[in-house]
Amino acid sequence: MSLKNISIYSLGLVLILSSCSGKKEEEKTVYENTKFKEKGQNTVQLSEQQIKSVGLTTTVLENKTMEKLVRLNGTVDIAPSHISSVSSIMGGHIKSINVINGSCFSKGQVLAVVEDPQFIQLQQDYLVTKAQLESARLNLNRQKDLNTSKASSDKTLQTAQADYSTLNATLKGLEEKLRIIGINAKGLNSSNIRSRINVYAPFSGFVSKILVNNGQYINPSDTLFELINPTGLLLELKVFENDINDVKIGQEILVYNNQNPEKKSKAKIISLVPSIENGGSSDAIAKLSALNPDFIKGMYINGEVSVNSRYTLGLPSESVVSFENKNYIFEDLGNKKYKMIPVNTGISDDKFTEILKADYLKDKRIVQKGAYSLLMLLKNKAE
C-alpha cells in the first residue's frame, strides 16, 4: 500500500469516527434528527448564553374577551351617479376658466364664462316679445270692449286672443331659455343685455378633468368639465373566501390609508358582491360615515371588521409560531428545556391569539418572546 493510499484511508477513518462521535453526541439530546412535525415529543436544550441572546420570556394561558378581526384591503372609488360631465347649454367661445384640475368648488360657483352673439339675440328676442305681448294685451282688451257693444266682430276678437296667447307662449319659452343659461328675465332690460353667460357648479365637490381651454369654441354637446361629488365616495374592499361568512351588509368597519394608518375613519358596508374571483376573494362595498378629504379616488386603503366577540383562553400572539400550515407553541419544561406542542388556534389579533381546547395547557409556562427562535433552531437541526 502506497503512502498516498494510506493517507486517504486514514482520513476516511477519521471522518467516520467523527461522524459516529457526532451522532452519539446528538443522541444525548432529547431532540431526534428527523422532521419535527412527525414527532410527538420535540424538545430543545438551550444554554444560558442562548437564553440571554434570544431574550426568552414565558407566560401562561389567560382568559380574555376577543373579537375576530377581519382585515380587508382595496381602493377608493366614486359611484357613477356622482361623477358629472358639465357642458354649456348653448355654444360659444370660452372666455375664462376659473378652476384647475383637483380644485374644490362650491355649489353655484362660476366654473367658466362663455361668450357668443346668440346670447344677445336671445335677450333681444325676449324684450321684443315682451313689448309685443303688452301691445297684444292692450289690443285684446280693446277688442273685448268693442265686441261687447258689437262695434267689432267676433272674428276680430278671436284673432286678438290668438295673437296674445301666441306671444305669451313665446315669451314664456324665451324666459325659460334665459333661466337655463343663468339670466334672470325678470330683471332684464335694454340697458343690461350681455354677451356672456356663466357655467355654474351644480353641487359642491372637486374638479376631476378640464377638457377645454380659453378661446376654444364649444358646442352644447361638448363636455367642459368632469366633476366629482365626494358624497358618492365608495370603498371597494376585497374579502377573502374564509372571511366571507363573517362580513355582512350593515356592519361598521374602520378604514385607513397607508400614509396615515393611525388615523382611522368609520364606514359601513352597503353591498356585497355574491361571487368569488379567481384570486379567492369577493368584493364588499362600503361608504364613509362622514366625508374625509384624506380619501381620494384610486387610493389604496385597508379596513378592519370586528366580529364574533367571545370570552376565551389564549396566549400573546408572539407565543404562537407556524410551520407548514400548522401552529405550535413551546412549553418551558424547566432546566432550560423547551418542548414544542401543536395547537389549534381560533380568532386572533396583533396582540392575542385564541387557543382552542386549551385546558391541558393551564398552569404550564409557555414561551412568549423567543418562540420563533426556538422554531428556527429545531427546523435547522431537522434539515
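1. Before anything else, a word on terms: two strands count as a pair if DSSP finds at least two bridges between them. The strands themselves are DSSP runs (E, at least two residues), numbered from the N terminus.

2. Keep in mind that this is a predicted model, where local features need pLDDT of at least 70, side-chain atom pairs count only at pLDDT 80 or more, and totals for chains, interfaces and linings use all residues. Residues are numbered from 1 along each chain as its sequence is written, and side-chain values use heavy atoms, with hydrogens and water left out.

3. Let's start with β5, which covers residues 92-97 and is joined to β10 by two bridges, the two strands running antiparallel. If you want to find the contact by eye, look for H93, whose bridge partner in β10 is Y217.

4. That pair belongs to an open sheet of four strands, ordered β8-β7-β5-β10, with antiparallel pairing. At its edges sit β8 (196-200) and β10 (217-218), each of which pairs on one side only.

5. Now over to β19, residues 337-343. Is this strand mostly covered or mostly open? Mostly covered: five of its seven residues are buried, buried meaning under 20% relative accessible area (1.4 Å probe, protein chains only).

6. β19 has β1 (residues 42-45) as an antiparallel partner, over four bridges; here N42 is bridged to M340 of β19.

7. β18 (residues 326-334) also runs antiparallel to β19, and seven bridges join them. Y328 stands opposite P342 in β19. The two strands make a hairpin with two residues between them, and N335 in the turn has a positive phi of about 55°.

Terms used:
Buried means under 20% relative accessible area, exposed over 50%, partly exposed in between (1.4 Å probe, protein chains only).
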